[in-house]
Amino acid sequence: MKKCDQCGMQPANIHVTHIVNGETTMLHMCEECAQKKGINISINVDAPLQIDHPAEGPPAVDTQCPACKLKLSEFRSKGRLGCASCYAAFEQEIDAVLVQVHGAREHKGKQYKGRHKVLPCDAEMDISELRKKLDAAIRNEEFEVAADLRDTISRMAGRGNAARKSEILSTKS
Amino acid sequence: MSVSAIKIGEVPAWLDAKGPDGDIVVSTRLRLARNLSNHRFPVAASQQERKDVFEEVLDALKRIERFHNFTSYNFRRLPRLDQQMLVEERVASPDLLDVEGERGVVSDSARRINVMINEEDHLRMQCIDSGCGPESMFDMLDAIDTSIGDKLPFAYDVKRGFLTSCPTNAGTGMRVSYLVHLPGLVLTKTVDQVLQAAAQMGVCTRGFFGEHAGIVGAFFQLSNQAALGTGEKEFIKQTRSAIRTIVGCERESREKIMHNAKAELEDKVWRAYGIIAYATTLSVGEFLNLSSALRLGIESGIFNKVTVRRLNRIMLLVLPAHLQAFLGRTMNDDDINRERAGMVRTLFKE
């Protein structure tokens, strides 16, 4: 086990992550040194799991996810993301949360080998945009991605894109 | 796959008291959170999109042989009481009650495997069984995950793994959760210390009824804090090791109590039985506290009027929704507490 950063003697079994302005530093300490630094390690068993967002208050620039239109400020207040594309849209903020909660930012578990590749959330994209992506996928010989895009386009065309847009807007109000 | 009403009287597998270390670990629950890459997460989706997801998932499950004998429950159409019964059976989460639109759960008759649709994530696959056996449960759930992932496009990226609505679940999307009964540690006042040590091993604590509830009846739910940065099997190993330590501490405490304070324990257990046998009103919290004492009494050889399995069955039957369904009418809390006491008195006389 890693030794305490403070005394260098005892095993470090308390790990503190500091995130200041997006900069992450880790402190590894033994219980005694942690207590000297005023870090309380007792837990409240009634407390629900909470995310303490690394940055409080409204963000300087309220970035928006291009796919689902969720704003960074909404993610901060609710702690929930709107779609898979949010992970790229709010990358820095999410990475800080991942480090805070998991102590890591990279997945080392199961590799997804489904026949579908990851697509951005296409719920709000126009059919014309999706068609462009379909052409690009065919050019790049990404046929599985192309097949998914083709299915999505035919589903949207079948239902009527205009009606879908108005319904999406009405649920937001 | 069929759609039907909920039956009373069938005990879910997680309450059969047959699993390993079942004297302390009541049940183990393993879940994987997954989302579809081509739809917004449920919280941001329109009603139409939620409906599309619901249908796509059901359609995919119908094409997997394993799900052929499962039952699907669409919460938008299911009566409130039936929804609550599924929550009490831990097939659905309390959060599934409150979200709007198309949502539901697909479950087997033993309640061992189920898939929630459109809760916080598009899919929450779950395996829940009695005792402490997460390894075999993971193998089962992993195979189910692979078969569903072959039919549906999961939101996944190589760096962050499976993408979830809340980043606390991202990565493996896995949570392994043990429902443990720790009366020995509570009585010897060492439970805080032991759970603090568990927290240092990456295990966090909740009450019997989940994230938003307090501790009742010395029941605790312990689960992995992190879901990213390590493989699924390693997370299971870590939590398993913490549970093994806790089980050891609990057994030691029980032995200590039997050695040093057997008379006091006997008194506590028989007093609990006295209240159960004669009370005319009982809240869920009070019943769980009393049944906790009886459970310890059974396991310590002090009390033998019922088995743990039967106690589990009674516990489920007297939860509010099951009780109202059994009696065939909805009631206010006071009436429920009176009926519960009456039901408990009758069941303990049998």
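The following dialogue examines a predicted model of a complex.

Residues are numbered from 1 along each chain as its sequence is written, and chains are lettered from A and ligands numbered from 1 in the order in which they are written. Because the model is predicted, local features need pLDDT of at least 70 and side-chain atom pairs count only at pLDDT 80 or more, while totals for chains, interfaces and linings use all residues.

Trainee: What pLDDT does chain B average?
Mentor: pLDDT is the predictor's confidence in each residue, from 0 to 100. In chain B, 95% of the residues score at least 70, and the average is 92.

Trainee: In what order do the elements of chain A run?
Mentor: Helices (H or I, at least four residues) and strands (E, at least two) are DSSP runs, numbered from the N terminus. Chain A has seven helices and two strands. From the N terminus on, the order is β-β-α-α-α-α-α-α-α.

Trainee: Is Thr245(B) buried, partly exposed or exposed, and why?
Mentor: A residue is buried if 20 or more other C-beta atoms lie within 10 Å of its own, exposed if 12 or fewer, and partly exposed in between, with C-beta atoms placed from the backbone. Thr245(B) belongs to helix α7 (residues 232–260) of chain B. Because 15 other C-beta atoms lie within 10 Å, Thr245(B) is partly exposed.

Trainee: How many residues of strand β8 of chain B are buried?
Mentor: Strand β8 covers residues 174–181 of chain B. Met174(B), Val176(B), Tyr178(B) and Val180(B) point one way, and Arg175(B), Ser177(B), Leu179(B) and His181(B) point the other way.

Trainee: Which residue of β10(B) is the bridge partner of Leu179(B)?
Mentor: Two strands pair if DSSP finds at least two bridges between them. Seven bridges join β8(B) to the antiparallel strand β1 (residues 25–34) of chain B, where Thr28(B) stands opposite Tyr178(B). Five bridges join β8(B) to strand β10 (residues 219–224) of chain B, also antiparallel. In β10(B), the partner of Leu179(B) is Gln221(B).

Trainee: Which element of chain B do the buried residues of α10(B) pack against?
Mentor: The buried residues of α10(B) are Val308(B), Leu311(B), Asn312(B), Arg313(B) and Met315(B). Contact here means that the C-beta atoms of two residues, placed from the backbone, lie within 7 Å. The element packed against them is α9 (284–299) of chain B.
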